[in-house]
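Student: I would like a close look at how the parts of this model are arranged. Please take it step by step.

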Number of protein chains: 2
Amino acid sequence: MPGQESFHMTPDEFRRAGRLVVDWIADYYERLESLPVLSRARPGEIRSALPPDPPYQGEPFEAMLRDVENIVLPGLTHWQSPNFFAFFPANSSGPAVLGELLSAGLGVQGMLWATSPACTELETHMLDWLVQMLELPAKFGSSGSGGGVIQDSASSAVLCALLAARERATGFMSNECGCDGRLVAYASDQAHSSIEKAIKIAGLGRQNLRLVAVDSSFAMRPESLADQVKHDLASGLVPCFVCATVGTTSSNAIDPLAAIGPICQKHRLWLHVDGAMSGTAALCPEYRFIHHGLEYADSYAFNPHKWMFTNFDCDCFWVADRAALIQTLSILPEYLRNQATESGSVIDYRDWQVQLGRRFRALKLWFVIRHYGVNGLQHHIRHHIALAQRFADWVRAEPNFELAVEPPLNLVCFRHQAGDSANQRLLDRLNNSGEMYLTHTRMDDKLTLRFCVGQTHTEARHVERAWQRIQWVALELA
Amino acid sequence: MPGQESFHMTPDEFRRAGRLVVDWIADYYERLESLPVLSRARPGEIRSALPPDPPYQGEPFEAMLRDVENIVLPGLTHWQSPNFFAFFPANSSGPAVLGELLSAGLGVQGMLWATSPACTELETHMLDWLVQMLELPAKFGSSGSGGGVIQDSASSAVLCALLAARERATGFMSNECGCDGRLVAYASDQAHSSIEKAIKIAGLGRQNLRLVAVDSSFAMRPESLADQVKHDLASGLVPCFVCATVGTTSSNAIDPLAAIGPICQKHRLWLHVDGAMSGTAALCPEYRFIHHGLEYADSYAFNPHKWMFTNFDCDCFWVADRAALIQTLSILPEYLRNQATESGSVIDYRDWQVQLGRRFRALKLWFVIRHYGVNGLQHHIRHHIALAQRFADWVRAEPNFELAVEPPLNLVCFRHQAGDSANQRLLDRLNNSGEMYLTHTRMDDKLTLRFCVGQTHTEARHVERAWQRIQWVALELA
C-alpha cells in the first residue's frame, strides 16, 4: 500500500490559485485591447519554448501562470479582443466564464437523467426559455413531441439532423447499412463546410450532396431546389435532407425558409435550419424575419457560443420529433440501465448526441440569461448590428470601396475596387498590424473582406478606428 | 444607435464574482463527503423550482449562486465525491479546473493553427509528452507519420477511427457513398456501446458489427476473431475495422493486443485500441502490460477525463498515419484558407475531428501534468489500484460474496451469492442510503455489482467504510 501522502491541491490551495487565475483573466480583459489581435508566432515557436520531457516532480502553480504569460500569450489570436472582426465571433462574458468554472468544479456527467438530474432538467429548461426568447415554433418546446439539447457545435447538430433524416428515409432500419448510395441531401452552394463533412461521415457520399444555386443575395433559390429534387426523383434517387442556412458563413445570406419549407413538406425531406451565428438576432423582434418559415423545419440550431456571450462550446439544437432523433442514436447497454430511464418519465440526453459523456453546459447559459436578462441581450445585439450597419454606410459613401452584398445584420462583406491582389495586400497589412483581425471570402469570384461585429466588448470607437485604418492602409497601398 | 449603456460585467465585477465562485467550489469540496452521492431528486423536481419564463431584467450574481445552492445542488449526483464508485470515474482536480477556467477566460478557437498557434502547439506537445509518459509506440508521436489530438470523448475517437478505416478500405473515395453494405467491423461482445453507435453513424449498418466471443476473463478470443474474419471474407464481405478494448466498461477485461494485432495486420484491418479508463494505469511501468501489442494499433485513445484528474472533456487520441485521418475529415472552404495552412508546416486540428470549432483543452492537461508531475500521478494511480485490490481481498475472504472475475486493476466486479434479486436489493439500498454510489452489470448472466476506485479524493477510509456498509446491508437484507 503506498503511503497516505497526497499530491492533490487542498481546498485552501485551490482558493489561493483560483484567485490568481481570476485576477489574471480580469487583467487580461483590461489589457486585451493593447495586444496584437492575430498572433505573430511562427510555426514551431511555442513548442520550442516548452521542455521536451514531462516533469517528474510537480511544480508550483505560479510556474504555470508565468508560462501562460510568457509562452502561451504571444501564441494566441485574441478572439475576445474588441478588434476581432474575423470569421464569426466566438464571444464570451463574465457570467459565462464563471458558469463554465462552476461546471468544471462540480464535474458531474449528464449522460443520463439519473447521473445528475439537475444537469438534464436545467438544460431542458434553458432550451424552453430560448424557444420563448427567440419566438421559435412551439413544436420545438419540450412539452410537445419535440425538444432541445445542447450540442458542442453546429457541426454536430447538422450531423445529428442528417442522421435522423437518413434513418427516417430508410425506415429506421439501423440494422441494415444506413446508406445504399441513393440518398441525396441538399444545401445552398454557400452553406457551411460542416454539411459536406456530415455527408461524408454519415456515409451518403460526397457526390450525393447537391449544392443548390443561390440568388443575387447569395440565398438559396427555392425553384432550383425544387428542380433538383424532381430531377433526382426521376433518376431513382431518394432525396432525404435539406439544410437551409439563416446567415451563411461567407456572407450572412438568409435562405428563404417560407419558400423552401413547402418543397420539403411535399417530398417529406427533413428540413434542418442552421442559424449558427445569426439565430441570436431573433432575440430582438425586429430581426425575427430571419426565421420566417421556420415552422416547416424538422430541426433548428443556433450557437450561443458565437454571438450570445456564452463561451464555447454551446450549440442549441431543437427537433420537432424527438422520437426520430432518439431512435437514431439510442443504445442501451446493461451498465447504463436504471429505474428513471425505464420509467420513461425522464430525458436521457446521451440519446440526443453522438457522444455518451456530457458536461453541465446549461449552467453557463443560465448565468448568461440571468445576468443580462432578455433586455440586456437585446441591447447588445442591437448595438452590434447598428455598428455594422454604420460601417456599411461608410463603405457605401467611399468611392474606392464597394459592398459585395447588402448586409442583413452584423456582417459586412466589402472590397476595394482595385481587384484581388490589392484586397489581399490590404487584408495582410491590416492583420499583420495587430490592430484588427479580418478574414476573407470569395463572392462573384472576387476576393472579398468580411467585417463581422459581434465581439462582446466591441464599441463604436473600435469600429470607427478600424474603418479609419482600412482607408489609410488602402491609401498607402495605392 | 442604441446608447452606450453596457450590461457587461466589468473586470472588477468579474474579480468579485470570480472569488465567490472559487470559494463556493472550495467549500463544495470540503463538504462533498457529507452529501448523498446519488441525487434524491424526483423527475421534474428541479424544473418545478425554476421560473417558467426567462427574466427580462438582469439579476445580481449572488442570486444565481443562491439558486445553485438551493435548486441545483440537491439535483446533483456527486461524481467528485470520494464515495463515488459507480460506472467509471470522471475525476478532476484543482489544476484541471483552473486550466478550464483559464481556457474559458481566454476564449480562443483552435480549429486552425492560425486561429491560435499556442492552442495547437501546446496540444501536440502534451500528446507527445503522454507518448513518453505511457510509453506508447513511437509511431504515435508527432515527429513521424502519426500524431495525437484531444477529442471530447472516447465515443468521438472511435468514430474518427472507424471513419478513417472505412475510407481506407474504400480507397478514400469520399465522393462515393462510403458504405455499400459489405464493410464489416469487429469488437468483443464486452466492448463499449459507443462502437455500436459509431457503426450506425458511419452508415455501416448495425448488422455489420460482429461481436466476437470472449474468454473466461471476458477478453476477446483472438481465434474467434480470426474465424469470423475468414468467414466474412469467404462470404464476399469486406472486413475493415477492429476495436480492441483495454479495460472494458463492464468488467475491465483486457483484450490481448499481441494476439489480435497480427490478425489485423494480415487482413489489413484498422486496429483501434480503446483504453478509455484503464490507459491511465500505463503511467506506472508495472501496469504497462495492458498495452502489450499496442505496436500493431492504427489508433489508440484514453481519457484523462476519467482517471487522470483532468475534468471532462479530454480524450487523447493518437493515429499512426495522420494522413489517413486528415484525408477522411478534411474540408477546406475559402473562408478558412490561410498562409500557414497552405505552407503545410502546421497542424490544423479541425481535420482531426468531427467538429470544426474547438476550445483550448490542452491547458488543463498541461496544468495537471505539471502540478502532479509524473511522480504524483503514478502515486495516486498506484494508490487507487491498491485500494481496489484490498477490497477484492475482502470479497474473497467473505463466504457470502464472490468475485465475478479477478480484477486486473481498479474495478472490482462482485456479487452476493443469494442471486439477482438479492443483489438488486443490496444495490438499491446502498445507493438510496446516499453513503455511496455503485452501478451494476451482468456477467455470466448474473447481476453483478461494480466497485470502481478512481475518484480523486478516495482514500482507504472510504473504501473500508463502503465494504463495512455493504456487508452490513447484506446482513440486514438476509
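Student: What rotation, and what shift along its axis, superposes chain A on chain B?

Tutor: This is a predicted model. Chain A is superposed on chain B by a rotation of 180 degrees, with 0.0 Å of shift along the axis and an RMSD of 0.0 Å. That relation is the one a two-fold axis gives.

Next, the place where the chains touch. In chain A, 135 residues are in contact with 135 residues of chain B. Helix H1 of chain A, residues 11-31, supplies the largest share of the side of chain A that touches chain B, with 15 residues. By class, that side of chain A divides into 62 nonpolar, 49 polar and 24 charged residues. Of the interface residues of chain A, 100% are also interface residues in chain B, so the copies meet through the same surface.

Now a pair of helices within chain A. Helix H13 covers residues 362-397 of chain A, and helix H15 covers residues 460-477 of chain A. Their axes come within 10 Å and cross at roughly 25 degrees. Angles under 35 degrees count as roughly parallel, and H13(A) and H15(A) are therefore roughly parallel to each other. The crossing in which H13(A) passes H15(A) is right-handed.

The residues that meet can be named. From H13(A) come A:Leu387, A:Arg390, A:Phe391 and A:Trp394; from H15(A) come A:Ala460, A:Val463 and A:Trp467. Sorted by class, the contact of H13(A) with H15(A) has six nonpolar residues, one charged residue and no polar ones.

Terms used
Residues are numbered from 1 along each chain as its sequence is written. Chains are lettered from A and ligands numbered from 1 in the order in which they are written. This is a predicted model: local features need pLDDT of at least 70, side-chain atom pairs count only at pLDDT 80 or more; totals for chains, interfaces and linings use all residues. Axes are lines fitted to C-alpha atoms, for helices over the stretch in contact, and angles run from 0 to 180 degrees between N-to-C directions. Helices (H or I, at least four residues) and strands (E, at least two) are DSSP runs, numbered from the N terminus. Angles under 35 degrees count as roughly parallel, over 145 as roughly antiparallel, 65 to 115 as roughly perpendicular and the rest as oblique. A crossing is left-handed if the near helix is turned anticlockwise from the far one by less than a right angle, and right-handed if clockwise. Two residues are in contact if their C-beta atoms, placed from the backbone, lie within 7 Å. Ala, Val, Leu, Ile, Met, Phe, Trp, Tyr, Cys and Pro count as nonpolar, Asp, Glu, Lys and Arg as charged, and the others, Gly among them, as polar. Copies are superposed by least squares on the C-alpha atoms of residues with pLDDT of at least 70 in both.
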